[in-house]
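Dear colleague,

I am handing over the structure we spoke about. Please find it below, followed by notes on what was found in it.

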Amino acid sequence: MNNNQLSQRDLAVLWHPCTQMHDHENFPMIPIKSGKGVWLEDFEGNRYLDAISSWWVNLFGHSNPIINEALKQQIDTLEHVIFAGFTHEAGIELAEKLVGITPAGLTRCFYADNGSAAVEVALKMSFHYWQNRGEVAKTKFITLENSYHGETLGALAVGDVALYKKTYAPLLMNVITAPSPDCYFREEGESYADYSTRQFAHLEKILQQNAGEVCAVIVEPLVQCAGGMRMYDPVYLKLLRAACDKYNVHLIADEIAVGFGRTGTLFACEQAQISPDFLCLSKGLTGGYLPLSAVLTTSEIYSAFYDDYTKLSAFLHSHSYTGNALACRAALATLGIFETQNVIEANAVLARKMHELGQRFLHHPNVAEVRQTGMILAIELVKNKQTREPFPWQERRGLKIHRFALSKGVLLRPLGNVIYFMPPYVINEEELTLMFEIAWQAINR
Ligand code: PMP
């Protein structure tokens with residue numbers, strides 16, 4: 001089989017996510033034969049540096065020997081079992097570990113099988129908690145402008161990226177949307193902390209006015225990823241935690257994209273020294289191997305559901321593949337790498353190198369901003385540097401960059417006019433340099 005044959009077979013029967021399939025009349029689909037470390041290889045021997053960790057899931061490289069080995073052992077023992085009434089060692093051990101490493105106070109772990117499902121779980125649990133506690137007026141959620149929490153209907157409702165949301169708006173529950181702390185919009189000379197603090201005033205006011213009917217505020221800590229890798233200061237999370245306590249509203253931290261070392265700490269919430277009431281995890285949880293998600297929550301929340309059966313207060317949310325044993329094993333192997341290798345320290349070195357390589361873009365006439373949080377670096381392309389007027393979306397600049405970079409062996413997948421790098425943690429300096437060099441050439445094209 002060669003690339004073209006596989007691509008033709010694919011296009012005859014498949015429908016891909018986040019894709020206008022018509023584009024593939026002009027752009028070939030790329031069948032991947034194998035992966036090793038940061039590299040993917042197609043059926044003709046072309047290699048692609050996975051600069052976006054395959055949609056932000058891969059942490060320690062493709063075909064990682066440690067995770068491979070753990071899965072081989074698990075598969076000969078137990079692949080999966082119903083997770084109601086039954087349990088298994090990998091599921092228990094993973095929950096113990098997650099409770100141990102996540103911010104203080106998170107003592108319970110509920111599994112689902114993808115990020116959006118974790119968000120649905122957190123929303124339902126928060127709402128149901130208030131119902132069980134007799135606070136039946138609490139039915140709404142507060143979200144931030146430009147946020148993204150997934151694409152199932154509940155998760156989509158609490159997101160705010162028009163591209164994904166607009167078409168389905170009539171199907172979605174109403175939410176309260178607060179202005180974003182996104183520091184791209186800070187005044188010249190204003191610090192991240194000052195702007196984030198200033199923007200928090202809006203949310204505080206909304207809480208003041210609506211807390212009586214609000215279940216929770218949901219946020220992506222520090223980086224609004226799908227919204228264009230827009231970043232803000234930890235002070236916002238600190239203020240938010242205090243306000244949620246003051247107004248008796250839950251805080252849901254969606255660390256699906258930023259958890260597991262991506263922002264420079266194991267969890268982004270650590271940088272604000274806060275614990276949310278719900279912590280949603282997925283993506284990197286299994287090192288990018290298998291779909292799994294977890295919602296961590298507090299004993300207080302758990303206790304509101306714990307009662308005699310006839311009270312009918314149990315949390316009802318079930319996926320067939322809840323707590324899949326293989327996925328839990330992959331997650332344990334991934335956490336094992338964090339335990340045995342100095343991942344956070346090593347990432348700090350890589351992040352510094354990324355910072356250095358990003359400097360070159362600062363003075364480019366079509367770059368409005370280069371921003372970075374840990375192992376995420378984003379370059380905001382604009383038509384006009386002075387006014388920050390964006391390139392019209394119809395020009396599909398991002399797609400052109402994607403195409404060019406692929407032809408040079410680098411997988412970049414810009415979000416509109418934002419080029420970003422979010423590589424696996426096993427990338428080396430030479431590969432980082434290549435990634436930035438190809439992006440530079442792509443922009444100049
Ligand atoms: N929340 C955040 C912050 C995300 O970035 C994503 C995925 N990009 C999701 C939720 C949804 O996860 P999934 O794609 O696994 O449904």
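Leu 171 sits in the loop that runs between helix H7 (162-165) and strand E6 (176-178). Please keep in mind that this is a predicted model. The relative accessibility of Leu 171 is 55%, so the residue counts as exposed, the cut-off being over 50%. Together with Leu 153 and Tyr 168, Leu 171 forms a nonpolar patch on the surface. The accessible area of these three residues together is about 310 Å².

The loop between E6 and helix H8 (192-210) holds Asp 182. Is Asp 182 buried or exposed? Asp 182 counts as buried because its relative accessibility is 3%, and buried means under 20%. Its side chain makes a polar contact of 2.6 Å with the side chain of Arg 230.

Now the ligand. The residues that surround the ligand are Trp 56, Asn 114, Gly 115, Ser 116, Tyr 148, His 149, Gly 150, Glu 220, Asp 254, Ile 256, Ala 257 and Lys 283. By class, this shell has 4 nonpolar, 5 polar and 3 charged residues.

- Ser 116: a side-chain N or O atom is 2.6 Å from an oxygen atom of the ligand.
- Lys 283: a polar side-chain atom is 3.0 Å from a nitrogen atom of the ligand.
- Asn 114: a side-chain N or O atom is 3.4 Å from an oxygen atom of the ligand.

On its own, the ligand has 390 Å² of accessible area, and the protein covers 82% of it.

Regards

Note on methods. Residues numbered from 1 in each chain as written. Predicted model: local features only at pLDDT ≥ 70, side-chain atom pairs only at ≥ 80, totals over all residues. Heavy atoms only, no water. Near = heavy atom within 4 Å. Polar contact = N/O pair within 3.5 Å; in protein donor to acceptor, adjacent residues only side chain to side chain. Areas by Shrake-Rupley, 256 points an atom, 1.4 Å probe, with all protein chains shown as cover. Nonpolar A, V, L, I, M, F, W, Y, C, P; charged D, E, K, R; others polar. Patch = residues over 30% accessible without salt bridge, like charges linked within 9 Å, V, L, I, M, F, W, Y side chains within 5 Å. Salt bridge = Lys/Arg side-chain N within 4 Å of Asp/Glu carboxyl O. Helix = DSSP H or I, 4+ residues; strand = E, 2+ residues; numbered from the N terminus. Buried < 20%, exposed > 50% of the residue type's maximum accessible area, 1.4 Å probe, protein only.
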